[in-house]
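Subject: A structure for you to look at

Hello,

Here is the structure I promised to pass on. Please have a look at it first, and then read on for my notes.

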Amino acid sequence: MEEAKGLVRRVHLVKFKDGTPPARIEEILKNYANLVNLIEPLKSWHMGKNVSIMNLDQGFTHVFEVTFESVEGLAEYADHPIHTEFSKQTRPHLDKVIVITYEPTVFCT
C-alpha cells in the first residue's frame, strides 16, 4: 500500500431539509460545482444523487467528492472567503451531513 503523493479527497454525504425547494437545491449544487473555478487548490468536483435500492442510505440524498492538491490546499480552501460564504448560505438547508477526508491509497497486487 502506498499513499498517493499530495492529493487529498473529501467525500460529503448530504441530506437536504424536507421542504427545501428543488430550485434552491439546484442553485446550491451549481454554486458548489463552481467553487472549482474560484478556489485554486480545489482541483475537481463530482456529485451524484442517491439511487440506491438497498435502504442503507440513512436518508442521505446526495454525495459529493472533491479533490485538493494537498493537505495545505484543503486548509486554504476551508478558510477561503468564497467557501466560507457558500457554507454560510448552504448550511440552513442541510438536515444531515457526513464528511470524510482521506489521502488516496494505491494498492499494488
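Before the details, one term: two residues are in contact, or touch, when they have heavy atoms within 4.5 Å of each other. Please also keep in mind that this is a predicted model.

Setting aside residues up to four places away in sequence, Phe-68 touches Gly-6, Leu-7, Val-8, Arg-10, Pro-41, Leu-42, Lys-43, Gly-73, Leu-74 and Tyr-77. Phe-68 also belongs to the largest nonpolar core, which has 18 residues. Together with Phe-16, Tyr-32, Leu-35 and Tyr-77, Phe-68 is among the members that touch the most others in this core. Two or more residues each come from β2, α1, β3 (42–49), β4 (62–68) and α2 (71–79). Helix α1 gives the largest share, five residues. As background, nonpolar side chains tend to be buried together in soluble globular proteins.

Now a step back to the whole chain. The protein has three helices and six strands, and from the N terminus on they run β-β-α-β-β-α-α-β-β. Its C-alpha atoms fill a box of roughly 45 × 40 × 15 Å along the principal axes. Of the 109 residues, 32% are buried. Among contacts with a separation of 6 or more, 78% join residues 24 or more positions apart.

In α2, the buried residues are Gly-73, Leu-74 and Tyr-77. Viewed down the axis of α2, these fall within an arc of 100°, so they line one face of the helix. The face turned away from that buried side carries Glu-72 and Asp-79, which are exposed. As for partners, the buried residues of α2 pack against β2, α1, β3, β4, α3 and β5.

Where is the largest pocket, and what lines it? Its lining draws at least two residues from each of β2 (8–16), α1 (22–38), α3 (81–90) and β5 (94–102). The pocket holds about 320 Å³ of space. There are 16 lining residues, and those nearest the centre are His-12, Phe-86, Ser-87, Leu-94 and Val-97.

Val-63 is in strand β4. Val-63 counts as partly exposed because its relative accessibility is 33%. Beyond its neighbours within four places in sequence, Val-63 is in contact with Val-11, His-12, Leu-13, His-46, Met-47 and Gly-48. Val-63 and Val-14 are 49 residues apart along the chain, while their C-alpha atoms are separated by 6.3 Å.

Asn-34 lies in helix α1. With a relative accessibility of 33%, Asn-34 is partly exposed. From Asn-34 to Trp-45 is 11 residues in sequence and 8.8 Å in space, C-alpha to C-alpha.

Last, do visit the loop between β3 and β4, where you will find Asn-55 and Gln-58. Asn-55 has a phi near 55°, a positive value in a residue other than glycine. The phi of Gln-58 is likewise near 55°, again positive in a residue other than glycine. Asn-55 counts as exposed at 69% relative accessibility, and Gln-58 is exposed with a relative accessible area of 60%.

Enjoy exploring!

Best wishes

Definitions and conventions
Residues are numbered from 1 along each chain as its sequence is written. This is a predicted model: local features need pLDDT of at least 70, side-chain atom pairs count only at pLDDT 80 or more; totals for chains, interfaces and linings use all residues. Side-chain values use heavy atoms; hydrogens and water are left out. On a 1 Å grid over the protein atoms alone, a cavity is a set of points where a 1.4 Å probe fits but cannot get out, and a pocket is an open set with protein on both sides within 12 Å along at least five of seven lines; lining residues have an atom within 4 Å of a point. Grid points are joined across faces, edges and corners, and a volume is the space filled by probe spheres set on the points. Helices (H or I, at least four residues) and strands (E, at least two) are DSSP runs, numbered from the N terminus. A nonpolar core is a set of buried Ala, Val, Leu, Ile, Met, Phe, Trp, Tyr and Cys residues joined through side-chain atoms within 4.5 Å. Buried means under 20% relative accessible area, exposed over 50%, partly exposed in between (1.4 Å probe, protein chains only). The arc is that of the directions from the helix axis to the C-beta atoms.
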